[in-house]
Amino acid sequence: ISFLQIFSVLSFAVITDPKFSAPINNVTAAVGREATLTCVVHDLGAYKVAWLRVDTQTILTIQNHVITKNKRIGITYTEKKTWQLRIKDIRETDRGWYMCQINTDPMKSQMGYLDVVVPPDILDYPTSTDMVVREGSNVTLRCAAVGSPAPAIVWRREAGDNISLQDGEQVSSVEGSTFTIPKVNRLHMGAYLCIASNGVPPSVSKRVMLIVHFPPMIWVPNQLVGAVEGQRMTLECHSEAYPKSINYWTREKGDIVPQGGKYEPVLIDNAYKVVMKLSIKVVSQADFGAYKCIAKNSLGETDGTIKLYKTI
């Protein structure tokens, strides 16, 4: 037997005990992205490396051949040392343990875990839709979201205003999938944002409009107003109502004050608040007396009275 033959036999004997050079690092990937699990083998020799899906015992690859019919699976290797299992267009079903196996006797293997994270998504049901409620009732806003990890949910007001809690505390946000407002009032009216996030971009939000209905209210800054003949005078009332009210002025006998001529009724509208102004261009003797500012909606009607008197 030649020296070369002896050397060949000895060399084969030395390299036929393959070992893993490093453990398989666990991998976290987002849905739709690509994940790579890496298996490093030392002294592979004539043995072969395979990748398997542990939970289904499915053989995915052997050496540089893809065995599975899953077209998202690929294999790359360098110098018969580093074997990389590549999974494209990751799906939630890809989450689990993967085994790198060497066909020695007994078989050698090691495993790595693929965790699949999913950005949050807000479910249309049972998430609240826009709500119309009567003032004084109890309201619960709901927001349901899915994702992996499970999303955290925060409520904020769209306009950036603080949220009034039951104990009177003012906060910028409220955490939790449900948000209850006991004895809702008009100050709670507006758009609320349910924001779901779990560290996997992008965060998502849904807008829920809370509409609070209440009958009209009126208050009068000055119930007694003095004027002299010939001057310009403006009477003013403030009303709040939702649905929005019909607003108008009457004289003490119930006649509606007409628009035009010597009278200029003006409405300054801001959400559910209205400032009613009645300007009298030139006050005459006939203008002295009582004026009523009236606000009316589907839930009720109210009025306020201003007495215009003559000053000397």
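A residue is called buried at under 20% relative accessible area, exposed at over 50% and partly exposed in between, with a 1.4 Å probe and protein chains only. By this criterion Trp83 is buried, with a relative accessible area of 1%, whereas Tyr77 is partly exposed at 35% relative accessibility. The model is predicted: local features need pLDDT of at least 70, side-chain atom pairs count only at pLDDT 80 or more, and totals for chains, interfaces and linings use all residues. Residues are numbered from 1 along each chain as its sequence is written, and side-chain values use heavy atoms, with hydrogens and water left out.

The UniProt annotation "domain: Ig-like", from an unreviewed entry, covers residues 18-103, 120-205 and 215-312. UniProt positions follow the numbering used here, feature names are shortened, and annotations may be inferred rather than shown by experiment. Residues 120-205 are 0% helix and 48% strand, and the end C-alpha atoms of this span lie 9 Å apart. For residues 215-312 the corresponding values are 0% helix, 62% strand and 40 Å. Helices (H or I, at least four residues) and strands (E, at least two) are DSSP runs numbered from the N terminus.

Five aromatic pairs were found in a search of the whole structure. Rings of Phe, Tyr and Trp (its six-membered ring) pair if their centres lie within 6.5 Å; planes under 30 degrees apart count as stacked, over 60 as edge-to-face and the rest as tilted. Tyr77 and Trp83 form a stacked pair, at 4.7 Å centre to centre and 10° between the planes. The pair of Trp155 and Phe179 is tilted, with 6.3 Å centre to centre and 40° between the planes. Trp155 lies in strand 14 (residues 152-157) and Phe179 in strand 18 (residues 178-181), so this pair ties together parts that are 24 residues apart in sequence. Trp155 is buried at 0% relative accessible area, and Phe179 is buried at 3%. Ring pairs link Trp155, Phe179 and Tyr192 into a cluster.

Charges over rings were also examined, the criterion being NZ of Lys or CZ of Arg within 6 Å of the ring centre and within 35 degrees of the ring normal. The charged end of Arg186 sits over the ring of Phe214, 3.8 Å from its centre. Arg251 lies over the face of Tyr291, 4.3 Å from the ring centre.

Phe214 is also among the contacts (heavy atoms within 4.5 Å) of Ala241, which include Pro215, Pro216, Tyr272 and Asn297 when neighbours within four places in sequence are left aside. Ala241 is in strand 22 (residues 233-242) and is buried, with a relative accessible area of 2%.
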